[in-house]
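Morning, everyone. Let me put the structure up, and then we will walk through the contact between the chains and one annotated site.

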Amino acid sequence: SRFEVSKVDNWKNKIQEVTLGATSADGGSRKSTVTLGGENALPYYFDAEMPHRNYVTVDVFDMPIGMAKAVKGNYEDVINDPAEWAKKVVRDFNADMVTIHLISTDPLIKDTPAKEAAKVVEDVLQAVDVPIVIGGSGNPEKDPGVLEKAAEVAEGERVLLASASLNLDYERIAKAAIDHGHVVLSWTQLEINAQKELNRKLMKQCNVPRDSIIMDPTTAALGYGLDYAYTNMERIRLAGLMGDDELTFPMSSGTTNAWGAREAWMVSSPLKQDSDWGPREYRGPIWEIVTGLALSLAGNDMFMMMHPTSVQVLKEITQTLYG
Amino acid sequence: MKINSPLEAYKFLPATNCGECGEQTCMAFAAHLIDRSKDLTECTPILEEKFRKKYEELDALLAPEIREVVIGVGDNVANIGGDDVLYRHKLTFFNQTKFAYDVWDTMDEKDLIERVKYIQDFKKFYVGNFLTVDMVAVRSTSGDPEKFAAVVSKVVETTHLPIILCSFDPEVLKAGLEVSKDRNPLLYAANKDNWKEVADLALEYDVPVTLFAPNDLDLLKSMAKTFAEMGTEKLVLDPGTFPTGKQLRQTFNNFIKVRRAGIEGDREIAYPIMAVPFTAWMAHDDPVSASYWETVVASVFTIKYGDIMILHSTEPYAMLPELHIRDTIYTDPRKPVMVDPGMYEVGEPTADSPVLVTTNFALTYYTVESDISSNKIDCYLWAIDTEGIGVEAAVAGGQLTAAKIKKGIEESGFNLQTDTTHNTIILPGLAARLQGDVEDETGANVMIGPADSGRIPGWMEKNWPPQKK
Ligand code: B12
Ligand code: SF4
């Protein structure tokens, strides 16, 4: 007897296509751009071609920060120089994009003024010609100002501003994106209704065009809530495909969160009853890979990552599945 | 399952509301049948002869779309399959993927025993339990039936874990079966060349069997149909696991297609699926790369519908993520992840023992509890009601505050002044910013512990008992 199976008939809606980066033709200075979205099915499914592969943007910080030892070893030579750091991840680690996190702007860290932080953004834009993501410090009072200034100096480059969230003045971030031609990262915490609400506000209240929104529904590490993160993303993507136009946007994951899991960084198990955990140099990267991989299957398009081995293997598996 | 509302199930129940099943009403029991949290056999009245017909009808309607297959016997039995949905949030996935690690018949005896024991004993604590692996797959690499039988006997002697007998040679499989038939092993595998002989073995010994049709779903389906007609539905389907390139993409889609067809009601293909990430070792020479790739392939097929798999790498950096991704996917999304708030005694605390504050998020609580108890630290551990949110998120979100901590203390009936000699509370490192407030609210001394509870033992050595001021 022949095997037969039908395609899914209620995946009628396409995920919005969003392009990051602008070449000189479009008023920017990037050599290449990255387009996310456009899916008409779950990732890699035979139901419909997936128009764009997954992309990886590698984290760069505007000051030295605490990192797991296995990660840090790769960045010691550039840790004081964001521009060199950015160059290194593109040149040596095959990053498709670079994320510059302006964490020193946090009032509790260095309280770097927005204007000064914006200089780092300019340096990074000079140093590399891939599209970039600009992240604040996560401080809800400070971030809008920091991202406004950054958006201004990055005018025309179509960067991703990370992020608008419900607990800060998202209108300012939306406006900065619209005024300077950027894309907004709509970040919520593992809750599908909050994601709908924020997207709706960005579209209806702030008039952000549909082609300028990417979602970050939050990534929790393998063993530390990945079950929520996976299912949240899967539900969001399925709802989008079935026509919920508040959710038909590409998704991004802060995959680096995987390094928060003790299995990724601790020398050995704190529990005597556990079997030997083996060398952490190998445990850490695979923790980041499996965290990202699970989310890629849930529909995530773009990964923010840190360890070069993780970047390499995640790209290899997602590209193999992509075909 | 062919029905989806309690009302439909209710129609078949005795309707006496007798309460034997532990529910007040038949309707309540029916709801549990639909969400699969109770088994029909828990309604003892319906098992009586007079309800036989109803029982049989309902039992058939409630059967999961994907057949359940049992491997092994006794306490270590491995159930696979039994799923009803394609996405875990629609219900939950049942019978987590079983991991079988291989041994082979050209291993020397000492290595063999060591490896089997390692597989059997591997464990990792997580949220109140140990994660473990499940099975041993014995591969015939010699092709010699006697050798195979000898190694299978050794494995059977060494472990109670269920086993898979791997060879395409029916003679070899038969030799293995002879020495393991009481253990209900899974045969691997029948293919287009040997299927007749292997089917005979599966029927003669009444054991489950894997059907192997690499990248050929028509063949897979017709073999499954033939086996069913010959008299066995204890089948596992292996559509081939190709580890790289376009073929891996095809493998991925084969798994999706088989499971989708099964869930949508094609009984002829509604069996558990086997993945063989082991094939990664054919694509990579260097053992770290091979282990990594094997783990990656195993993760893909744990997420997408693999019910059982054969693996090779027993490196902890392969096994730990495999165990955790399986737990991730098979955790019941409907189950709350909290412990009851309150004061817990870890070990045998006295008035001199430390008092530690944590949250009632199950992951947090069990992590901290096990870090303390496994290091034999006697203490009081306070699970504050943060509505099931972990420390860092609860501090950020306002569920862990000085007021909450004070309230938690009062409600537990514990009195820091009279029940301890030190009137001291230890806060998690990630809640350090609450220190001043907690001192003010409770009048206790507040110490700040390490950020990760794994470091509590070392921290205690340096900081406990507290210096008298
Ligand atoms: C999962 C998660 C969530 C989930 C929480 C699910 C849950 N049930 O807890 C959800 C989606 C609900 C969530 C929401 C929010 N989150 Co959140 N979340 C995370 C995430 C990804 C993992 C947290 C986790 O589960 N860790 C694992 C558990 C076991 O850790 P833990 O409870 O802290 O316990 C450890 C230690 O504290 C210590 N420990 C515990 N008890 C004790 C006791 C003693 C005595 C000692 C010594 C040590 C100790 O040992 C434990 C094991 O290591 C982190 C990012 C990350 N770290 O990866 C962000 C994170 C914690 N979230 C954050 C934020 C800001 C929020 C929100 C406020 C966001 C928002 N604007 O809405 C909300 C708050 C919601 C609320 N409280 O109601 C921030 C916190 C930043 C900060 N430091 O202030 C983080 C760090 C993310 C980030 N970088 O921005 N979050
Ligand atoms: S045991 Fe059966 S008959 Fe009795 S209440 Fe439960 S479902 Fe109804």
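How much area is buried between chain A and chain B, and what share of it do carbon and sulfur atoms give? About 5300 Å² is buried between the two chains, and carbon and sulfur atoms give 65% of that. Three residues stand out on the chain A side. Ser1(A), Phe3(A) and Tyr45(A) supply 13% of the area that chain A buries against chain B, more than any other three residues. Keep in mind that this is a predicted model.

Now the residue counts. Chain A puts 59 residues into the contact, and chain B puts in 61 residues.

Next, the polar side of things. Between chain A and chain B there are 23 residue pairs in polar contact, with both residues at pLDDT 80 or more. Which helices of chain A each supply at least two residues to the side that touches chain B? They are helix H7 (226-241), helix H8 (262-265), helix H9 (280-298) and helix H10 (308-322). H9(A) gives the most, with eleven residues. By class, that side of chain A has 33 nonpolar, ten polar and 16 charged residues.

On to charge pairs. Six salt bridges are found across the interface of chain A and chain B. One of them to look at: Arg262(A) with Asp371(B), side chain to side chain, 2.6 Å from N to O.

Stay on Asp371(B). The side chain of Asp371(B) also makes a polar contact of 2.7 Å with the side chain of Ser453(B). Ser453(B) sits in the loop between strand E17 (445-448) and helix H18 (456-463) of chain B. Is Ser453(B) buried or exposed? Ser453(B) is buried, because its relative accessible area is 11%, under the 20% cut-off. Leaving out residues up to four places away in sequence, Ser453(B) touches Arg262(A), Thr367(B), Val368(B) and Asp371(B). So both partners of that salt bridge are on the contact list of Ser453(B).

Now the annotation. An unreviewed UniProt entry places a "binding site" feature at several chain B residues, including Ser453(B) and Ile389(B). Where is Ile389(B)? Ile389(B) is in the loop between strand E15 (379-384) and helix H14 (391-397) of chain B. Ile389(B) counts as partly exposed, because its relative accessibility is 28%. Beyond neighbours within four places in sequence, Ile389(B) is in contact with Thr359(B), Asn360(B), Phe361(B), Ala394(B) and Gln399(B).

How values were computed:
Residues numbered from 1 in each chain as written. Chains lettered and ligands numbered in written order. Predicted model: local features only at pLDDT ≥ 70, side-chain atom pairs only at ≥ 80, totals over all residues. Heavy atoms only, no water. Contact = heavy atoms within 4.5 Å. Buried area = accessible area lost by both parts, 1.4 Å probe. Salt bridge = Lys/Arg side-chain N within 4 Å of Asp/Glu carboxyl O. Polar contact = N/O pair within 3.5 Å; in protein donor to acceptor, adjacent residues only side chain to side chain. Helix = DSSP H or I, 4+ residues; strand = E, 2+ residues; numbered from the N terminus. Nonpolar A, V, L, I, M, F, W, Y, C, P; charged D, E, K, R; others polar. UniProt positions renumbered as here; feature names shortened; annotations may be inferred. Buried < 20%, exposed > 50% of the residue type's maximum accessible area, 1.4 Å probe, protein only.
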